[in-house]
Amino acid sequence: FECEVAVVGTHDYEAGLTHRLAIDTSLLDPDDLPPATPIRTSPADAPLTSAELIEDLRANADSDAVHSLLRAKGLRSGMRVPLIVRDNVIGVVALWATDANRYDGDDVAMLGTLTRPLAIALERASALSSLAESELKFRSLVAQAEEMILLFDSTTLRIVDANAYT
């Protein structure tokens, strides 16, 4: 896409923030951009659910700190595509370039196609992380319990594991 800045962010709806997951840039120091920003919304105060094409950032009335920084660094055009899994917006991919009108509808459609597998991979990674955290809590609870806890194999009926109290 010949962009100078590419950012992937994931949404944290409880905190109302988009956390920067990855950034690739030849123009900015990645530390110039905050690690988290308020979730950008559509005019209806809902997360962005369809792609957004920004032909010229200088003409954009949106004047948050990030857009101001991007304008100051000479970025002019961009596109934002939501990461959607099962009708849930889990994040966003944003690409920015120094030329005005660098991107068009075909670019947005292509980026949208490329983001689908990324969204699924991010959702899967999040689920695996949650599962690992849940398993760790369960094991800690069992290990500290002051009761006998035995884990049986349902096929062989053999004891597979027992806590320290046992």
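Good morning. The structure I am presenting is a predicted model. I shall begin with the chain as a whole and then turn to individual sites.

The secondary structure of the protein chain consists of 2 helices and 8 strands. Read from the N terminus, the order of the elements is β-β-β-β-α-β-β-α-β-β. As for overall dimensions, the C-alpha atoms occupy a box of roughly 70 × 35 × 30 Å along the principal axes. The radius of gyration is 22 Å, whereas a compact globule of 166 residues would have a value near 15 Å.

Burial and contacts come next. Of the 166 residues in the chain, 28% are buried. The chain exposes about 10,600 Å², and carbon and sulfur atoms account for 54% of that area. Taking contacts between residues at least 6 apart in sequence, 48% join residues at least 24 apart.

I now move to the individual sites, and I start with S77. This residue is found in strand 5, which covers residues 77-85. Is S77 buried or exposed? S77 counts as buried because its relative accessible area is 0%, and the cut-off for burial is under 20%. What does the side chain of S77 reach? A polar atom of that side chain lies 2.5 Å from the backbone oxygen of D99. A polar atom of the S77 side chain also lies 3.4 Å from the backbone nitrogen of R102. Leaving aside residues up to four places away in sequence, S77 touches I54, E55, L95, W96, A97, D99, A100, N101, R102 and Y103.

N101 is not a glycine, yet it has a positive phi of about 60 degrees. N101 is placed in the loop between strand 6 and helix 2, the helix being residues 105-144.

A second residue with a positive phi is D87, at about 65 degrees, and D87 is not a glycine either. Where is D87 placed? It sits in the loop between strand 5 and strand 6, the latter being residues 88-97. D87 counts as exposed because its relative accessibility is 76%, and the cut-off for exposure is over 50%.

The next site is T25, in strand 2, residues 17-25. Its side chain reaches the backbone oxygen of E4 at 3.1 Å and the backbone nitrogen of L28 at 3.0 Å. Beyond residues up to four places away in sequence, T25 touches E4, V5 and P30. How far is the C-alpha atom of T25 from that of N163? The separation is 50 Å, and the two residues are 138 residues apart along the chain.

Finally, I come to the surface. Which residues form a nonpolar patch there? The patch consists of M148, L150, F152, I159 and Y165, and together they present about 550 Å² of accessible area. Within this group, F152 belongs to strand 7, residues 150-152. F152 counts as partly exposed because its relative accessible area is 48%, and that class lies between the 20% and 50% cut-offs.

To close, I return to two of these residues. S77 is buried, at 0% relative accessible area, whereas D87 is exposed, at 76%. Thank you for your attention.

Key. Residues are numbered from 1 along each chain as its sequence is written. This is a predicted model: local features need pLDDT of at least 70, side-chain atom pairs count only at pLDDT 80 or more; totals for chains, interfaces and linings use all residues. Side-chain values use heavy atoms; hydrogens and water are left out. Patches are made of residues with over 30% relative accessible area and no salt bridge: like charges are joined within 9 Å, nonpolar side chains (Val, Leu, Ile, Met, Phe, Trp, Tyr) within 5 Å. Accessible areas come from the Shrake-Rupley method with a 1.4 Å probe; for residues, only the protein chains shown count as cover. A salt bridge is a side-chain nitrogen of Lys or Arg within 4 Å of a carboxyl oxygen of Asp or Glu. Helices (H or I, at least four residues) and strands (E, at least two) are DSSP runs, numbered from the N terminus. Buried means under 20% relative accessible area, exposed over 50%, partly exposed in between (1.4 Å probe, protein chains only). The radius of gyration is taken over C-alpha atoms; the globule rule is 2.2 Å times the number of residues to the power 0.38. Contact means heavy atoms within 4.5 Å. A polar contact is a pair of N or O atoms within 3.5 Å; within protein, one must be able to donate a hydrogen and the other to accept it, and residues adjacent in sequence count only if both atoms are side-chain atoms.
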